[in-house]
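Subject: Model for your files

Hello,

Here is the structure I said I would pass on. My notes on it follow below.

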Amino acid sequence: CTTEGAEAVTHPPIPDWMIIDAVRYCIGRQSYQVRTTCEWLRRHWPKLNEHVRTIVRNDVEEAFRDDDRDRARGSKYKALGMDMDRKEWETVRELWT
């Protein structure tokens with residue numbers, strides 16, 4: 001396979017609503033998508049506009065409050081998913097704490 005003569009592919013910018021939807025979709029999931037989304041957020045956080053960062057920050061902080069409550073109650077369901085999912089969200093949370 002060669003890339004000789006291949007043109008660079010450019011993608012349109014990702015709309016704000018799509019970023020917010022992706023985060024909301026992933027909160028509470030127990031899948032590879034949590035890690036993928038958290039990695040993307042860490043890489044692109046400085047480039048996101050303040051409106052998006054505020055919404056993501058609020059959504060994640062709310063999920064942490066709910067997750068802390070779920071864990072304190074010994075609930076089977078946890079707002080941030082399994083321990084490995086929570087650890088991924090903790091790396092995102094470090095962006096603003």
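In these notes, buried means under 20% relative accessible area, exposed over 50% and partly exposed in between, with a 1.4 Å probe and protein chains only. Helices (H or I, at least four residues) are DSSP runs, numbered from the N terminus.

This is a predicted model, in which local features need pLDDT of at least 70 and side-chain atom pairs count only at pLDDT 80 or more, while totals for chains, interfaces and linings use all residues. Residues are numbered from 1 along each chain as its sequence is written, and side-chain values use heavy atoms, with hydrogens and water left out.

Helix α2

Helix α2 covers residues 32-44, 13 residues in total, and reaches 19 Å from its first C-alpha to its last. That is close to the 18 Å expected at 1.5 Å a residue, where the expected span is 1.5 Å times one less than the number of residues. Its buried residues are Val34, Thr37, Cys38, Leu41 and His44. They lie on the same side of α2 because they cover an arc of only 145 degrees around the axis; the arc is that of the directions from the helix axis to the C-beta atoms. The exposed residues Tyr32 and Arg43 sit on the face of α2 turned away from its buried side. The buried residues of α2 pack against α1, α3 (50-73) and α4 (83-93).

Within helix α2, Thr37 has a relative accessible area of 8% and is therefore buried. Not counting residues up to four places away in sequence, Thr37 touches Ala22, Val23 and Cys26 (contact means heavy atoms within 4.5 Å).

Helix α4

In α4 the buried residues are Asp85, Arg86, Glu88, Trp89 and Val92. Their arc around the axis is only 155 degrees, so they are on the same side of α4. Met84 and Lys87 are exposed, on the face of α4 turned away from its buried side. The cover over the buried residues of α4 includes α1, α2 and α3.

Glu61

Glu61 belongs to helix α3 and counts as buried because its relative accessibility is 17%. Leaving aside neighbours within four places in sequence, Glu61 is in contact with Arg93, Trp96 and Thr97.

Ile14

Ile14 lies in the segment before α1 (16-26). With 42% relative accessibility, Ile14 counts as partly exposed.

Regards

Definitions and conventions
Helices (H or I, at least four residues) and strands (E, at least two) are DSSP runs, numbered from the N terminus.
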